[in-house]
Amino acid sequence: MSVATAERWERRVHLGAHPLLYPTIRSLGAVKPVMRIPGLGVLVSEARLVRDVLLDGERFVKNGPSASGGLWTPVVGPKALVNMDGAEHRELRRKLADLFTPASVAEIVQPASVALKARVEHDLDGPGRVDLVDCVKELAGGVISRLLGVPEHTPGRLPNKELFDLGSSISSLVRLGRPTLTPEQAAKGRAAVEVLAGPARSAYREGDPATFPGRLRGLGMSEDEAMGIISAFVMVGTETLVSFVPRLVALLADTGRIEELVADRSGMGAAVNESLRFTVPSPMMLRNAVAPGNIGGTVVRSGDRILLSTIHAAKSLGGFNPGEPIPAQARQLWFGAGPHFCIGMPLAMAEITATLEVLLDRFAQRPWVIASRVVSTRVLIPGYRKLELANAL
């Protein structure tokens, strides 16, 4: 295997999701760092300029009518963090910060990580194959259950995979060319949120500080505010995680770096960060301009939709190479920057690290290989539909 193989598969993943849009956005980004596209908005493709827009929360907002935050208001209500700006948003982030310390996210992820390890070992020891995509969906579902405040063996609790599917059904409503949700789509999203919110409301009312909803209540949030925040975490984080983790493992396996990490895990952080840079699990971010000005010399009008091409901004910096430091202008750009930098980043990193640790431990006991893979087609977030690992001969 080689870097060329890894990069070829990554291109297939992107083309499977967006066979026309992906090459178009990449080619436009190579022509000009900022470009107005009739009917869509202003496309920004250079890492430094993308970061500048994200840092300027006064002129470029997330809760505008055609920005990503504004899309979610009909589904999760007006105070779900992802659709807030200004002083109220800053205060809510300040309150939530203590819920995402290393110790607290480890507690959220730990039960799902144990279940993941058991599934990987069972499938590789038995049938001899395990579908990593399915495993990560179950991991994400397990984390969702903890966010909802639902204990593992609660009667009537939905299986982890079904919890993931519910979260995914909400996030799948978004399309780049869809500036707003139709009433039918918003109603579908609200119905899925209510299924998720049922057990979370019970946990909130019980007020147990050991649960995530109970902690939100302890911070003084109303029940509806807490449900909006929980729903936002569920719908924003699940799809990107399930997209990224199998691609991370494929990149490391295709480039022969799994063996290196088994021998020396000190390089895990660099390998994960470079994989995030190269795969860009959040390929596009949206903002609304609320004041006239310019981006990189291109005139921007109040009301313009700003398309931030994180996919071009990050990938244009070069091929996959964990040995090279990521340039400052692109560092953690896939998690955003400025006032809306992903507050759930520690939770996502804990899930990523837990999965990779399980697979490295297994590889150390008995090596595995990628036996088969299928890319997802016509989806918002590029990824694998199936990535099967099998015991090496």
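Arg378 is found in the loop between strand E9 (368–375) and strand E10 (384–391), where helices (H or I, at least four residues) and strands (E, at least two) are DSSP runs numbered from the N terminus. The model is predicted, so local features need pLDDT of at least 70 and side-chain atom pairs count only at pLDDT 80 or more, while totals for chains, interfaces and linings use all residues. Residues are numbered from 1 along each chain as its sequence is written, and side-chain values use heavy atoms, with hydrogens and water left out.

**Residues with positive phi**

- Most residues other than glycine have a negative phi.
- Arg378 is not a glycine, yet its phi is positive, at about 50°.
- Arg378 is exposed, with a relative accessible area of 63%; exposed means over 50%, buried under 20%, and partly exposed in between (1.4 Å probe, protein chains only).
- Gln332 also has a positive phi, near 55°, and its place is in the loop between helix H14 (310–315) and helix H15 (345–365).
- With 30% relative accessibility, Gln332 counts as partly exposed.

**Whole chain**

- The protein chain has 15 helices and 10 strands.
- Its radius of gyration is 21 Å, close to the 21 Å that the globule rule gives for 393 residues, so the protein chain is as compact as a globular protein of that length; the radius is taken over C-alpha atoms, and the rule is 2.2 Å times the number of residues to the power 0.38.
- Along the principal axes, the C-alpha atoms of the protein chain fill a box of roughly 60 × 55 × 35 Å.
- Of the 393 residues in the protein chain, 54% are buried.
- Among contacts with a separation of 6 or more, 70% are between residues 24 or more positions apart; contact means heavy atoms within 4.5 Å.
- The accessible surface of the protein chain is about 16200 Å², and carbon and sulfur atoms hold 56% of it; areas come from the Shrake-Rupley method with a 1.4 Å probe, and for residues only the protein chains shown count as cover.
- The 45 positive and 39 negative charges have mean positions 6 Å apart; Lys and Arg count as positive and Asp and Glu as negative, with His and the chain ends not counted, and each charge is placed at NZ of Lys, CZ of Arg, CG of Asp or CD of Glu.

- Helix H13 (residues 268–279) has 12 residues and should span 16 Å at 1.5 Å a residue, which agrees with the 16 Å between its end C-alpha atoms; the expected span is 1.5 Å times one less than the number of residues.
- Nine of the 12 residues of H13 are buried, including Met268, Glu274, Arg277 and Thr279.
- His14, in helix H1 (residues 3–17), is buried with a relative accessible area of 1%.
- Beyond its neighbours within four places in sequence, His14 is in contact with Tyr22, Arg247, Thr279, Ile311, Lys315 and Pro382.

- Lys161 lies in helix H8 (residues 160–171) and is partly exposed at 28% relative accessibility.
- Not counting residues up to four places away in sequence, Lys161 touches Asp134 and Lys137.
- The C-alpha atoms of Lys161 and Asp134 are 8.1 Å apart, and these residues are 27 residues apart in sequence.
- Glu88 is in helix H5 (residues 86–96) and counts as partly exposed at 43% relative accessibility.
- Glu88 and Leu55 are 33 residues apart in sequence and 17 Å apart from C-alpha to C-alpha.
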